[in-house]
Amino acid sequence: MGVHDIMITEPHPCRRGFFRRIYARIQTSHTGDYWIWRQIDETGQPLTDAERSFESEDAALSDAVRSLNGQAVAI
């Protein structure tokens, strides 16, 4: 099980031409047969349900970045 922060850049809602950077925290876990990811809050409580299964943790992370319109996994 791993916890990762995904950097998301989106247009600023009030300042035209500016962007803001926000972060989403996700948790990847292995169920024994496959990997899943779900978005969690700062205390580790799930915000979303796991929707799909993946063959590797990297595939789950890539899907999380794509699904959340992220730019990258933050280090």
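Reader: Why does S53 count as partly exposed?
Author: This is a predicted model: local features need pLDDT of at least 70, side-chain atom pairs count only at pLDDT 80 or more, and totals for chains, interfaces and linings use all residues. Residues are numbered from 1 along each chain as its sequence is written, and side-chain values use heavy atoms, without hydrogens or water. Buried means under 20% relative accessible area, exposed over 50%, and partly exposed in between (1.4 Å probe, protein chains only). S53 counts as partly exposed because its relative accessibility is 42%.

Reader: Which residues does S53 touch, not counting those up to four places away in sequence?
Author: S53 sits in the loop between β3 and α1. Helices (H or I, at least four residues) and strands (E, at least two) are DSSP runs, numbered from the N terminus. With contact set at heavy atoms within 4.5 Å, S53 touches Y34, W35 and I36.

Reader: How many Å separate S53 and D41 in space?
Author: In sequence, S53 and D41 are 12 residues apart. From C-alpha to C-alpha, their separation is 21 Å.

Reader: In what order do the strands of the open sheet run?
Author: The sheet has four strands with antiparallel pairing. Strands pair if DSSP finds at least two bridges between them. β3 and β4 pair on one side only, as edge strands. The order is β3-β2-β1-β4.

Reader: Over how many bridges do β1 and β4 pair?
Author: In β4, A74 stands opposite D5. β1 and β4 run in the antiparallel sense. Their bridges number three.

Reader: Which residues of α1 are buried?
Author: α1 covers residues 57-67 and packs on the sheet. Its buried residues pack against β1, β2, β3 and β4. These buried residues are A60, L61, D63, A64 and V65.

Reader: What angle does α1 make with β3?
Author: Axes are lines fitted to C-alpha atoms, for helices over the stretch in contact, and angles run from 0 to 180 degrees between N-to-C directions. The direction of α1 makes an angle with that of β3 of about 40°.

Reader: What is the phi of N69?
Author: N69 is not a glycine. Even so, its phi is positive, at about 55°.
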